[in-house]
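Let us go through this structure by question and answer. Take a look at it before we start.

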Amino acid sequence: MVAEIARMTTLKGNRVLFLVHRRELIDQIKKTFKEIGVNNALVNFGMVQTVVRHLQTIKKPQLIITDENHHGLAASYRKIYEYYSDVPRLGFTATPIRLNGSGLGDVNDVLIEGVSAKWLIENHRLAPYEYYAPRLIDTAELKKASTGDFTKKSMDKAVKNTIYGDVLKHYKTLADGEQAIAYCHSIEASKHTANIFNQAGYKAAHIDAKTPKDERSEIIESFRKHEIKILCNVDLIGEGFDVPDCSTVIMLRPTQSLSLYIQQSMRGMRYRPDKTSIIIDHVGNVNRFGLPDMDREWSLDTKKKTKTDSDVSVVQCAFCFGAYERPKGENICPYCGELQPIEERKSELEIDESAELMKVGETKITLNFENNKYYNMTEDEASTIEDLYAIARVKGFKPGWAYMAAKRKGMLI
Ligand SMILES: [Zn+2]
């Protein structure tokens with residue numbers, strides 16, 4: 001869409017100033033523009049920080065396009081906008097919201113909403129997804145910083161070293177062998193995650209902003225070739241960062257930023273026929289924001305808030321960790337088919353906490369079950385439904401597996 005608008009502008013001989021906030025985005029965009037037929041000679045691709053220092057010398061544009069417009073409130077952007085106050089502007093973003101949840105009305109007059117994420121999935125522009133939320137961290141430890149997101153110190157506390165074995169286990173159960181991106185809360189945590197996977201025989205690598213350019217390209221190339229299965233980072237693989245297709249996202253970075261949440265959770269949803277993205281949220285982000293493709297009310301107005309905790313209508317399966325929108329009537333998990341226990345009227349967040357605690361407890365027990373007879377029993381050897389549920393329990397499979405196995409074996413009518 002951006003390229004087409006730039007193409008039509010340059011077709012009329014008009015100049016475009018295209019603002020980005022990260023240098024590495026420029027080459028990608030130039031290439032796309034060229035493919036679409038934009039006259040790049042009339043486009044000034046500029047890093048905001050550079051443009052703001054050369055306002056007197058660059059040629060005046062007839063249109064300013066801002067990529068990732070939710071950054072557009074920084075002083076440098078405002079200075080450019082004020083300098084060209086008579087030049088029309090267009091801003092693009094997938095998340096028209098600031099970190100603190102307020103709108104972008106002070107640098108935009110009109111908000112035009114595009115199609116929804118649900119529409120994109122239904123029309124095969126995004127891959128459908130399954131969302132699992134086996135929470136492994138203590139969210140009670142999380143403290144907000146003045147920036148609006150959680151402090152590193154509190155994330156360190158919440159994400160304790162003991163969780164990593166379970167991170168591996170959930171990947172094996174839910175997305176074994178899939179190309180995955182893991183989002184961690186710190187560089188140490190990211191390196192640690194990569195180590196855990198490597199030790200278990202899954203080739204993994206860590207990258208951060210300081211990884212030398214050549215090394216980073218090499219790692220990304222290996223990820224493209226599926227030689228590396230798990231790519232660990234902090235917030236590096238975010239907006240505009242070009243990484244090869246993957247199907248799985250592992251979230252180990254709790255956030256208060258809806259924008260970051262949407263970017264990270266939807267990373268594996270690039271469309272490919274027959275692909276289903278698997279999202280494994282270990283940090284309770286779904287409880288803060290709902291599912292990635294939920295309809296949200298966006299607004300430029302600072303007063304109107306977008307959806308918050310209190311109106312998130314997501315429930316979590318007590319059996320398989322699957323997260324889904326609360327259905328009307330009987331509550332059956334769409335992932336494993338289990339009928340959910342009837343809940344007392346408590347807030348959804350509380351319910352999720354208790355279900356989660358139970359699950360974490362079970363997981364720990366499971367790890368000591370290796371000598372259990374069910375651990376060595378195969379599906380063929382199981383003679384009752386109870387056997388199958390016991391196998392699922394000790395091996396950490398979803399109960400849905402037992403249900404399906406029972407069906408396969410003709411135990412269910
Ligand atoms: Zn389920």
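**A pocket and a metal site**

Student: What volume does the second largest pocket have?
Tutor: This is a predicted model, where local features need pLDDT of at least 70, side-chain atom pairs count only at pLDDT 80 or more, and totals for chains, interfaces and linings use all residues. Residues are numbered from 1 along each chain as its sequence is written, and side-chain values use heavy atoms, without hydrogens and water. A pocket is an open set of points on a 1 Å grid over the protein atoms alone where a 1.4 Å probe fits, with protein on both sides within 12 Å along at least five of seven lines. A volume is the space filled by probe spheres set on the points, and here that is about 610 Å³.

Student: Which helix gives the most to the lining of the second largest pocket?
Tutor: Lining residues have an atom within 4 Å of a point. Helices are DSSP runs (H or I, at least four residues). Helix H9 (213-224) supplies at least two lining residues. The most, 7 residues, come from H2.

Student: How are the donor residues of the zinc ion spaced in sequence?
Tutor: Donors are N, O and S atoms within 2.8 Å of the metal (3.2 Å for Na, K and Ca). The SG atoms of Cys317, Cys320, Cys333 and Cys336 coordinate the zinc ion at 2.3 to 2.4 Å. Their spacing is C-x2-C-x12-C-x2-C.

Student: Is Cys320 buried or exposed?
Tutor: Buried means under 20% relative accessible area, exposed over 50%. Cys320 has 1%, so Cys320 is buried.

Notes: Buried < 20%, exposed > 50% of the residue type's maximum accessible area, 1.4 Å probe, protein only.
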